[in-house]
Amino acid sequence: MKPRLPLAVVTLAAALTSGAGCEHHRHTPTAGACTPDPTPIAGQQVRGCLSAADQISDGTSVTVADVDIHNGPGWVVLHTDDGGEPGPRIGVVSVRQGRSTQVSIPVTGRMTTGNYWPMLHVDVGVEGTYEFPAGPDVPVVDSQGMVMRLIHVTVR
């Protein structure tokens, strides 16, 4: 049986990565097999994973190839790269429970060529309202850490 993180630990880990670095997350730069592990949130076991790859963009959005979240809806949040760690949030889009493909994340402002981090969050507070870091919509974690990918985006 895999150990489960208490909600306080998940919330603390999420708060630490809202703008600062964290050593305990998934650094998988390419798409791969999606085998979601459960995340204990308010008594439910949320499972989720995402696949994303390097891409070319017009600077207004990034596309995540595949998102799979179970036991509730979620969010895909796009972060800038801060020295190999997730930096500030620049985009967020809601995803329904289940599998979604070709999820486009609109960004605020204009992107430049560089590395970015799409990250999966739960939507457990007011459904349809993104509530993080001052709310319950924490990142989904699995046995490897937070569910996210490092991708390179070329803006043209």
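1. Two strands pair if DSSP finds at least two bridges between them. Strands (E, at least two residues) and helices (H or I, at least four) are DSSP runs, numbered from the N terminus. With that in hand, Thr 80 has Tyr 116 in E8 as its bridge partner, and E5 and E8 pair in the antiparallel sense over 7 bridges.

2. A quick word on what you're looking at: this is a predicted model, where local features need pLDDT of at least 70, side-chain atom pairs count only at pLDDT 80 or more, and totals for chains, interfaces and linings use all residues. Residues are numbered from 1 along each chain as its sequence is written, and side-chain values use heavy atoms, with hydrogens and water left out.

3. The overall make-up is 1 helix and 11 strands. Going along the sequence, the pattern is α-β-β-β-β-β-β-β-β-β-β-β. Of the 156 residues in the chain, 47% are buried (under 20% relative accessible area, 1.4 Å probe, protein chains only).

4. Now E8, residues 114–122: this strand is largely enclosed by the rest of the structure, because 8 of its 9 residues are buried. E8 is also joined to strand E11 (residues 151–155) by 3 bridges, again running antiparallel. Here Gly 114 has Val 153 in E11 as its bridge partner.

5. Back in E5 (residues 74–81), have a look at His 79. His 79 counts as buried because its relative accessibility is 4%. Its side chain reaches the backbone oxygen of Gly 87 at 2.8 Å.

Definitions and conventions: Buried means under 20% relative accessible area, exposed over 50%, partly exposed in between (1.4 Å probe, protein chains only). A polar contact is a pair of N or O atoms within 3.5 Å; within protein, one must be able to donate a hydrogen and the other to accept it, and residues adjacent in sequence count only if both atoms are side-chain atoms.
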